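Subject: Structure for you to look at

Hello,

Please find the structure below, followed by notes on what was found in it. Keep the 3D view open while you read.

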Amino acid sequence: MSEVPEDELFDVIVIGGGPIGLFAVYYAGFRDLKVKLLEATETLGGQVSLLYPDKFIYDMPGFMSVNGKEMISNLVAQASQFNPTICLGERVLLSWSGTMFEYLMPALWMRSYPGTLIARTQDAVVYVQRAFGRSLGIPWGISESASSKKNDRGDYHYFAYGLPSVSLWPEAAAGPVISPYSTFLALAVDPPQALRNLRYMDSEGWVGPYGFYEAADYSVSSRKPVMVREWMAHHLGMSLLAIANSLRNNVVQQWFHAHPMIQATEMLLQEIPVNNAVLNARLKNLAPIHFPAKVNLLEVSRGATAAL
Ligand SMILES: Cc1cc2nc3c(=O)[nH]c(=O)nc-3n(C[C@H](O)[C@H](O)[C@H](O)COP(=O)(O)OP(=O)(O)OC[C@H]3O[C@@H](n4cnc5c(N)ncnc54)[C@H](O)[C@@H]3O)c2cc1C
């Protein structure tokens, strides 16, 4: 893989933002180490915040006569003075097969608004896709595409590759088969990372006479992918629209939203949950994002995610 930028490297990754995780962040910061904290839920404080925020703490060293909430807010304040990168869990709507296409194809022509369930899902999915690629040490971007398998006629096999962690389909499989058009779609969500990914693919020779090849199939070898040397019109078409949006101030979205029928209904896209409780209730059966099991020091940095 290409070199990881300095601001994405950490000395220490702490997993879990309970009291002990917060202590760890504090002591690592105190030793001038660059720290990142990953917490699977949307709040810091672990069992204390979750189960007994108002109960008085009886035997936590250094804390007497404080309730759980006060203790955690003290620990967070102490840990924060060293500016750790804190990544809180997000929740994401599930799609059927966990493809990038299902999440981001609509973004080619439909606007999304910050803080909405749709926008948060799009952000989270790109994050999960990046983390998945990073955990395997390969580029990211998985969606339905051709793979290197061929039938008797020599046609490439086509399959809805997706991430099982965000898929409702029990047979979802990632391949891993990396399709460059998935990264073009992600230009709408994270342009710097998408460009970096595309540049890497370009540097590895993933481009032919008609543009980026359909895919790179890592299911055969995790080190040297088999290139799927074909071009599919619908994938190139989506890539072109994504480029147009990126370079021309979301021009495709502007066309779509200029239509009176869309203007009459676009408030549906602006839906913001009334309050946290409602959103949490609605999200209960949807997928929490789990950080990849193999978190390494090159893990991507997303920065703090605002809790709801
Ligand atoms: C009802 C109750 C009352 C208690 N009262 C007291 C008391 O008065 N005094 C006292 O000293 N102790 C008390 N305890 C015990 C105390 O709460 C625990 O000892 C303390 O919370 C342990 O802290 P921790 O950070 O190790 O783990 P936790 O508080 O369990 O935090 C772990 C965190 O890690 C996160 N996490 C787990 N897996 C992952 C993953 N793979 N990736 C990212 N994040 C992950 C979890 O979401 C969680 O936020 C009480 C416990 C209970 C249940």
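Helix 2 gives the most to the shell around the ligand, with 4 residues. Helices (H or I, at least four residues) and strands (E, at least two) are DSSP runs, numbered from the N terminus. Helix 1, strand 2 and helix 2 each supply at least two residues of that shell. In total 21 residues surround the ligand, and the closest are Gly-16, Gly-18, Ile-20, Ala-40 and Gly-46. A residue is near a molecule or strand if its C-beta atom, placed from the backbone, lies within 6 Å of it.

Two points on how to read the model. It is predicted: local features need pLDDT of at least 70, side-chain atom pairs count only at pLDDT 80 or more, and totals for chains, interfaces and linings use all residues. Residues are numbered from 1 along each chain as its sequence is written.

The whole protein

The protein has 11 helices and 12 strands. Of its 308 residues, 36% count as buried; a residue is buried if 20 or more other C-beta atoms lie within 10 Å of its own, exposed if 12 or fewer, and partly exposed in between, with C-beta atoms placed from the backbone. Among contacts with a separation of 6 or more, residues 24 or more positions apart account for 68%. Two residues are in contact if their C-beta atoms, placed from the backbone, lie within 7 Å.

The parallel sheet and its helices

Two strands pair if DSSP finds at least two bridges between them; strand 1 and strand 2 (residues 35-39) are joined by 4 bridges. Ile-13, for instance, has Lys-36 in strand 2 as its bridge partner.

What packs against helix 1? The buried residues of helix 3 do, and they also pack against helix 2 (46-51). Those buried residues of helix 3 are Gly-68, Met-71, Ile-72, Leu-75 and Ala-79. They cover an arc of only 95 degrees around the axis, so they are on the same side of helix 3. The arc is that of the directions from the helix axis to the C-beta atoms.

The antiparallel strands

Strands of a sheet pair through backbone hydrogen bonds, either parallel or antiparallel. A second open sheet of 3 strands has the order 7-10-11 and antiparallel pairing. Strand 7 (177-178) and strand 11 (226-228) are its edge strands, each pairing on one side only. Strand 10 (residues 215-217) is joined to strand 11 by 3 bridges, and Ala-215 stands opposite Val-228.

Strand 5 (residues 144-150) is mostly covered, with 5 of its 7 residues buried. Strand 5 runs antiparallel to strand 6 (residues 156-160), with 4 bridges between them; Ser-145 stands opposite Phe-159 in strand 6. The two strands form a hairpin with 5 residues between them, and Gly-154 in the turn has a positive phi of about 90 degrees.

Regards
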